[in-house]
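User: I am new to this structure and would like to learn how to read it step by step. Could you take me through its features in turn?

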Amino acid sequence: AAATPPAAATSFPQLQPASTMQNDAGEIVDLYIPRKCSWTNRIITSKDKGSVQINVGHVDSKTGLYTGKFTPFALCGYIRSKGEGDIALTNLASKIPESS
């Protein structure tokens, strides 16, 4: 006769995965918000270890001093592995409006 497992081994409570998370104020916040590549609009997954985010600082056109503002750009590992990261960043940075 086949032995049956003890009743205690089969009666573990089922744990429900936490699909949402709440902060101290009770607002629902996501655990992970994926970024998009600024050049290709591809979603940058958490497994993309070649991706970078670069903050390009804004400079005053008259004095040449940093204004304290910046524009973030995210580049996926795909673009960087093709050797096009410098071209992408140069083109994206050149399109930042001067008034911002």
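User: Which strand gives the most to the lining of the largest pocket?

Analyst: This is a predicted model, in which local features need pLDDT of at least 70 and side-chain atom pairs count only at pLDDT 80 or more, while totals for chains, interfaces and linings use all residues. Residues are numbered from 1 along each chain as its sequence is written, and side-chain values use heavy atoms, with hydrogens and water left out. Rolling a probe the size of a water molecule over the atoms shows where empty space is left. Here a pocket is an open set of points on a 1 Å grid over the protein atoms alone, where a 1.4 Å probe fits and protein lies on both sides within 12 Å along at least five of seven lines; lining residues have an atom within 4 Å of a point. In this case strand β5 (residues 52-59) gives the most to the lining, with four residues. The lining has 12 residues, of which H58, V59, I96, P97 and E98 lie nearest the centre of the pocket, and the volume, taken as the space filled by probe spheres set on the points, is about 250 Å³.

User: What is the order of the elements from the N terminus on?

Analyst: Helices (H or I, at least four residues) and strands (E, at least two) are DSSP runs, numbered from the N terminus. The protein has three helices and six strands, and their order is α-β-β-β-β-β-β-α-α.

User: Which residues of helix α3 are buried, and why do they share a side?

Analyst: An α-helix has 3.6 residues a turn, so residues three or four places apart point the same way. Buried means under 20% relative accessible area, exposed over 50%, and partly exposed in between (1.4 Å probe, protein chains only). In α3 (residues 85-94) the buried residues are G85, A88 and L92. They lie on the same side of α3 because they cover an arc of only 65 degrees around the axis, judged by the directions from the helix axis to the C-beta atoms. These buried residues pack against β6 (66-75) and α2 (77-81), whereas the face turned away from them carries the exposed residues D86, T90 and S94.

User: Which residue forms a salt bridge with E84?

Analyst: A salt bridge is a side-chain nitrogen of Lys or Arg within 4 Å of a carboxyl oxygen of Asp or Glu, and by this rule the count is one. The partner of E84 is K82, with the closest N and O atoms 3.7 Å apart. E84 is partly exposed, with a relative accessible area of 29%, and K82 is also partly exposed, at 45%.

How values were computed: Contact = heavy atoms within 4.5 Å.
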